[in-house]
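Please have the structure open as you read.

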Amino acid sequence: MRRNRKLAAAVVVLVICLLAAGATAGWMLYKKKGDTRNSHPRQALIKVESVEVLKPSYDVIVAGTDPEGIVAALSAARNGLSVLLTDGRERDIVGGLMTMGWLNSLDLNYAPEQSKLSDKHQFLNKGIFQEWYDQIEGTSFDTHTAANVFYRMLLAEPNVDLLLKVQSMAPIVERSGESKRITGLSLVTSEGIAKQVKAAAVIDATQDGDIAAAAGVPYTIGRADVGRPDAQMAVTLVFRLSGVTQEVWDSFATVGDGTGIDKMSAWGFMAARDYVSSNPDRVGIRALNIGRENDETVLINAMHIFDIDPLDPASVQEALEIGSKEAPLITDYLRKTFKQLANVEFAGTAPELYVRETRHIHGEYRLSAVDVVDNRDFWDAVAYGSYRVDMQRINSVDRGAIIVAPKQYGVPFRSLVPLEIDQLLVVGRAASFDSIPHGSARVIPLGMATGQAAGEAVKLAAEKGMTFRELSKSEGAIAELRDRLTEKGMDLTWASFKQPDYTKHKHYKGLLAAVSMLLTFGGDFNEAFQLDAEAKAGHFSNSMLMVKTIHSDFFSGNPYAALEGLEEPGQVPLTLEQLAYTAAVTAGVEVNRDSALDELKKRGWLTEETIGSIANPNNLTYGETFSLVRDIVQYYVGVVYE
């Protein structure tokens, strides 16, 4: 289905593209080429068997056989708990997005300040993720290897019953007064047999938080938290190219323009972005992410398909059809554009879509943009992230952006505990993250860490006779949970690192507010946070339109009306007087340009402290602008970004 997003998309582009040049290029340039030879033979897929007889009850049911769910099941089983791991998709293997969506290049959480001279990657979290990673090929992997390693790990745990291809999964929810508690799942097996399977706890590891949503957990869709419920990141259909011999692979290092390789991954091919699709409003491509397999094929993660509702099966089918039609055309373009790809052949598309974003549940704590920009730790952190906040395109006009490149931030256990329903945990990308930090926290290795924490929490809560909500509020119990995770191989230490320069700027609090409202972004290395650059009148009107979108209950005016009489507002330096006038007009305050500043000061929307920090009222910087916007939102709207 299609949505009319063009106006909103244009606003986003106007707001962020002034700083966007080169923001997504070269994020992995620090990697050394090293030895690029891949000598692994391709494994045959191990036949996956479902359990023949279901128990009437389990200690825990894990819904979803994506990596996050597999790790949650392993974690619980290794604690002696009986586990049912089940899946409602038509899958013959485990591994979900990695193995069925063919997302075989890992978005890794590197430890901060890792030595660039070391060939051995130091990852955050470690634990079961590290155990799995040590059995695959590297930064990208063969999908057969990944599926087999996951399955062997499950087979090694006699406490896990695996049930694939169930026709439906629905939560069993019991009410007691005002409280609601999940007590199991109602399943319809692949044979059409209805089963009520009880459990003391359920872990929702579905990609979209399906169990939580069906149980009545509140959630938002897409970027609703920033005023845009119709906007969510594009979906991707990964496709395969064959004929990538060792010679062809090594030739990728000669492409230039930021393109590079290691043994299993390639990135770059920037001219791919110039591809003109057969359906420009619905599909486009970005620079290539290439993951190598062990049979002289590679998997290409580059296609963006727009205006798809991943929660609607008909829309998903439409995306598969659009992508299947476009993939051979993209291959032809790549063959003609890059001599290194001249002899490759199109070899098919993935069985499943790569969906980046749908539901964001509301939990006991909701991870915010400020948490990630500020590199915050938490007393109840059970996982850590450091991947860039990567906001992919939402439509054909939008170009996407890297919002910030954090050093390290914590994911609280409270973010796994949904509101309103007891004895349910949600792991993976649908956990309690705002849409901006979700751009980083959605990555699979971090989701696997939350899965391990969830499995461990089931055991601890049962021992203490606590609900997960009670556990999430007990500092003593959480300290014990963190100790147990550490004993099981997770690394929950807070690293020592130099804070980014932007955190020391006098307008840092303004920056936190600006990032939270998508008024600015930092790029791959936070180089685009140009806090001391000259702000423009036209840019500020774009910013106030975004503020209006987010806080629509308070702002009803047209910020562009404040530009009347200015020639080329995109080039006119922003003055304090113009800023106040634009803000007042957007808020529907009847003032003229000369009286606006006094009116906003009288109303308390602008503080004397912030005004006193301005170096030149006739030529504001971006940093000064962000601090002034922060004042307006805090004192008029009542929202504090800190």
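What follows is a short tour of a side chain, its neighbours and a helix packing.

## Lys-548 in its setting

Please keep in mind that this is a predicted model. Lys-548 sits in helix 14, which covers residues 537–550.

## Neighbours of the lysine

Leaving aside residues up to four places away in sequence, Lys-548 touches Phe-555, Ser-556, Gly-557 and Thr-586. With Gly-557 there is also a polar approach: a polar atom of the Lys-548 side chain lies 3.0 Å from the backbone oxygen of Gly-557.

## Helix 14 against helix 15

Lys-548 also takes part in a helix packing. From helix 14, Ala-537, Phe-540, Ser-541, Met-544 and Lys-548 meet Gln-578, Leu-579, Thr-582, Ala-583 and Thr-586 of helix 15. By class, this contact has five nonpolar, four polar and one charged residues.

How are the two helices oriented? Helix 14 and helix 15 (residues 576–586) pack at an angle of about 30 degrees, and their axes are 10 Å apart. Angles under 35 degrees count as roughly parallel, so helix 14 and helix 15 are roughly parallel to each other. Their crossing is right-handed.

Definitions and conventions: Residues are numbered from 1 along each chain as its sequence is written. This is a predicted model: local features need pLDDT of at least 70, side-chain atom pairs count only at pLDDT 80 or more; totals for chains, interfaces and linings use all residues. Side-chain values use heavy atoms; hydrogens and water are left out. Helices (H or I, at least four residues) and strands (E, at least two) are DSSP runs, numbered from the N terminus. Contact means heavy atoms within 4.5 Å. A polar contact is a pair of N or O atoms within 3.5 Å; within protein, one must be able to donate a hydrogen and the other to accept it, and residues adjacent in sequence count only if both atoms are side-chain atoms. Axes are lines fitted to C-alpha atoms, for helices over the stretch in contact, and angles run from 0 to 180 degrees between N-to-C directions. Angles under 35 degrees count as roughly parallel, over 145 as roughly antiparallel, 65 to 115 as roughly perpendicular and the rest as oblique. A crossing is left-handed if the near helix is turned anticlockwise from the far one by less than a right angle, and right-handed if clockwise. Ala, Val, Leu, Ile, Met, Phe, Trp, Tyr, Cys and Pro count as nonpolar, Asp, Glu, Lys and Arg as charged, and the others, Gly among them, as polar.
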